[in-house]
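Come along and check each entry against the picture.

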Amino acid sequence: MTVESTRERLGVLDDDALRLCLAPLGEAQTLPGAAYNDPGVFAWEQEIFFEASWVCLGRSSDLPTSGDHKAVRVGSETVLLVRDGAGLNAFFNVCRHRGHELLETGGCANARVIKCPYHGWVYGLDGTLKGAPRYTEIEGFEPAGHSLTSLRVQEWDGWVFVNASGDAPDFAAHVGSLDALTADHECERLVPVARHDYVVEANWKIVTENYHECYHCPQIHPELCRVTSPDSGTDDPSDGAWAGGSMDLFDHAVTMSITGESGGEILRGLDASKSRQVYYYSLWPNLLISLHPDYVMTHRLEPLAPDKTRIECEWLFPPDVATEGFDPSYAVDFWDITNLEDWHACESVQRGTASRAFRQGPLSMVEGTTHQFIAMVAAGYLQGAVVPAGDLVSGLT
């Protein structure tokens with residue numbers, strides 16, 4: 001697909017309006033309203049921003065045992081993740097006979113084989129066809145030519161990523177230096193202890209934009225502002241498909257909680273400086289990683305419609321802390337309050353962007369990582385492909 005043909009599909013988005021998003025901070029503006037509301041733009045994003053990129057499908061620990069199956073949506077596709085003795089496999093969730101889904105989207109199972117519920121075709125955990133009822137009667141039928149269609153799959157820091165289109169850049173280039181920035185928190189070692197699922201009546205990009213700035217914090221987050229300063233921290237330069245930076249804890253606070261106290265333990269890999277900061281990163285297109293001194297919280301986004309996003313929020317703790325009787329509520333309750341405040345704001349923004357009165361607005365100097373994310377989106381629209389933050393003009397920072 002050429003840049004010209006993909007721009008034709010996004011004709012509702014004016015090139016000059018998109019270039020305003022790429023101007024240096026202080027001059028840059030937000031995305032135009034159609035980016036948040038137009039069904040054609042949403043469909044294009046599912047194909048180019050999601051199916052053609054590396055999308056997070058959750059934690060590797062969701063499939064801990066050989067035979068575990070899980071069906072998860074990626075853009076307009078559904079992916080079947082399967083654990084076998086050699087590792088994790090990913091297939092399109094499509095039987096090679098008549099196309100029936102092998103597992104209902106969102107479902108989980110455990111079995112020694114993959115069996116289509118429609119006509120009973122049976123596949124090994126590696127995707128090879130093992131049995132097709134009545135097909136022994138067909139001369140020349142070769143099971144080897146009817147294996148499940150596989151996808152590229154990557155495990156990183158305990159999360160699972162797939163690339164549905166098969167032509168995304170190498171995952172190492174996608175994640176870039178974020179790998180080093182998250183290393184001391186040892187995310188792969190941590191275990192999920194709590195999870196909340198939300199459905200927010202807002203575009204997925206509005207959720208990420210909100211996540212990346214604390215300009216709004218004094219207005220709607222009194223609990224957060226008691227433990228960290230909205231004006232603190234720095235934005236990190238990116239060389240991959242991510243954006244983010246840090247915020248500092250107040251002297252009395254050990255972590256992000258209602259009181260600032262921790263019910264856990266400081267992560268073992270953190271030095272004195274990192275144990276006083278909280279880091280907020282978005283890994284394109286759908287994983288938000290919040291690194292705290294004593295736990296890690298994530299938001300995994302699944303766009304459902306131009307104005308609706310499913311958000312899976314998880315809290316991860318060290319295995320020696322997350323033992324029987326451990327209570328994560330000090331972290332979970334704090335962020336549930338904060339999340340709900342954010343979702344209310346995001347839904348209001350969504351309604352505003354749909355108004356005939358909406359115009360692109362200026363970004364402030366304290367919305368640096370929001371600008372970085374918006375610029376990635378705008379550049380993606382203009383170039384017809386995912387554009388890592390590191391490839392954007394240096395004027396963004």
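**Entry 1**

I sorted the lining of the second largest cavity by class and got 10 nonpolar, 3 polar and no charged residues. A reminder to myself: the model is a predicted one. The volume of this second largest cavity came out at about 40 Å³. I counted 13 residues in its lining, and those closest to the centre are Ser-282, Leu-283, Trp-284, Pro-285 and Phe-373.

**Entry 1: The largest cavity**

How many cavities of 30 Å³ or more does a search of the whole structure find? I noted 3. The largest of them holds about 70 Å³ of space. Its lining has 13 residues, with Phe-50, Arg-73, Gly-75, Glu-302 and Pro-303 closest to the centre. At least two lining residues each come from helix 4 (39–51), strand 1 (55–59), strand 2 (68–74) and strand 15 (296–305). Strand 15 has the largest share, 4 residues. By class, I wrote down 7 nonpolar, 3 polar and 3 charged residues for the largest cavity.

The largest pocket has a volume of about 600 Å³. I found 37 residues lining it, and the closest to its centre are Tyr-211, His-212, Glu-213, Cys-214 and Met-247. Several elements give two or more residues to this lining, among them helix 7 (204–211), helix 8 (217–220) and strand 12. Which helix gives the most to it? My answer is helix 10, with 5 residues. The lining of the largest pocket has 16 nonpolar, 16 polar and 5 charged residues.

The second largest pocket contains about 440 Å³ of space. Of its 21 lining residues, I listed Thr-30, Glu-209, Glu-213, Val-349 and Glu-367 as nearest the centre. Helix 7, helix 10 and helix 11 each supply at least two residues here, and the largest share, 4 residues, is from helix 10. I divided this lining into 11 nonpolar, 6 polar and 4 charged residues.

I picked Glu-347, which lies in helix 10 (residues 329–353). Leaving aside neighbours within four places in sequence, I found Glu-347 in contact with Val-199, Val-200, Glu-201 and Ala-202. I also looked up Lys-308, which is 39 residues from Glu-347 along the chain; their C-alpha atoms are 9.1 Å apart.

I traced an open sheet of 6 strands in the order 11-16-15-14-13-12, with antiparallel pairing. Why is one side of strand 11 (191–200) and of strand 12 left without a neighbour in the sheet? Both stand at the edges with a single partner strand each, so one side of each has no neighbour there. On average, neighbouring strands of this sheet are turned by 15° against each other, direction ignored.

Inside the sheet, I followed strand 14 and strand 15, which pair in the antiparallel sense over 5 bridges. Leu-288 has His-299 of strand 15 as its bridge partner. Finally, I checked what packs on the sheet and noted helix 7, which touches strand 13, strand 14, strand 15 and strand 16 (308–317). The direction of helix 7 makes about 155° with that of strand 15.

Notes: Residues numbered from 1 in each chain as written. Predicted model: local features only at pLDDT ≥ 70, side-chain atom pairs only at ≥ 80, totals over all residues. Heavy atoms only, no water. 1 Å grid on protein atoms, 1.4 Å probe; cavity = no way out; pocket = protein on both sides within 12 Å on 5 of 7 lines; lining within 4 Å. Points joined across faces, edges and corners; volume = space filled by probe spheres on them. Nonpolar A, V, L, I, M, F, W, Y, C, P; charged D, E, K, R; others polar. Contact = heavy atoms within 4.5 Å. Pairing = 2+ DSSP bridges. Axes fitted to C-alpha atoms, helices over the stretch in contact; angles between N-to-C directions.
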